[in-house]
Amino acid sequence: MRRLFAFLIGSGFGWVLIEAQVFSWYRIQEMFHFENFHMFGTIGSAIAVGALSLWIIRRFQIKSIYGKPISIPDKPKQTKSNILGGLSFGLGWGICGACTAPIFILFGLKPLVGGLILLGALLGAALYNGLSSKLPH
């Protein structure tokens, strides 16, 4: 039953991303050229919903679906790592026109293009895994 619930939530999220056109390379290009507010509005909405959700979870001590308390520890400041990570993520996003969830949308809509982008993302993750011990923490 939980898998069905997860599948339905994931499918609903994918549908929202498709309807919002956040997988569209043209929308992403417009954002990087500061020609359209669409993607900034979408990302800003996601940040606002996430912040509100975290506040609600902490304020009302919401429990997980397993009945355990949800604990969200504060993360230490990692300015250098965040800048390097943000630059590499943004570069990859700008080059291929897709970030994590839209990769799967592209894979479903255009298997060849989406498959190549997914392969690139997996190679990037493997590269990070190999270099992570040498990166600043």
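This is a predicted model: local features need pLDDT of at least 70, side-chain atom pairs count only at pLDDT 80 or more; totals for chains, interfaces and linings use all residues.
Which residues of the largest nonpolar core touch the most other members?

Entry 1: A nonpolar core here is a set of buried Ala, Val, Leu, Ile, Met, Phe, Trp, Tyr and Cys residues joined through side-chain atoms within 4.5 Å. Buried means under 20% relative accessible area, exposed over 50%, and partly exposed in between (1.4 Å probe, protein chains only). The largest core has 15 residues, and Val22, Met39, Trp93, Ala98, Ile103, Leu106 and Ile117 touch the most other members. Helices are DSSP runs (H or I, at least four residues), numbered from the N terminus.

**Entry 2: Ile117.** I looked up its partners, taking contact as heavy atoms within 4.5 Å. Setting aside neighbours within four places in sequence, Ile117 is in contact with Cys96, Ala98, Ile103 and Leu106.

**Entry 3: α2 against α3.** I found these two helices packed at about 95 degrees, with axes 8 Å apart. That makes α2 roughly perpendicular to α3, a label for angles of 65 to 115 degrees. The axes are lines fitted to C-alpha atoms over the stretch in contact, and angles run from 0 to 180 degrees between N-to-C directions. On the α2 side I listed Arg27, Ile28 and Met31, which meet His38, Met39, Phe40 and Ile43 of α3. By class, this contact has five nonpolar residues, one polar and one charged.

**Entry 4: α3 itself.** Helix α3 covers residues 38-59, 22 residues in total, and reaches 31 Å from first C-alpha to last, close to the 32 Å expected at 1.5 Å a residue. The expected span is 1.5 Å times one less than the number of residues. Just after α3, I noted a positive phi of about 50 degrees at Gln61.

**Entry 5: two loop residues.** Gln21 is not a glycine, yet I found its phi positive, at about 60 degrees. Gln21 sits in the loop between α1 (2-19) and α2, and at 35% relative accessibility it counts as partly exposed. Phe34, in the loop between α2 and α3, has a positive phi near 55 degrees. Is Phe34 exposed or buried? At 68% relative accessibility, Phe34 counts as exposed.

Conventions: Residues are numbered from 1 along each chain as its sequence is written. Side-chain values use heavy atoms; hydrogens and water are left out. Angles under 35 degrees count as roughly parallel, over 145 as roughly antiparallel, 65 to 115 as roughly perpendicular and the rest as oblique. Ala, Val, Leu, Ile, Met, Phe, Trp, Tyr, Cys and Pro count as nonpolar, Asp, Glu, Lys and Arg as charged, and the others, Gly among them, as polar.
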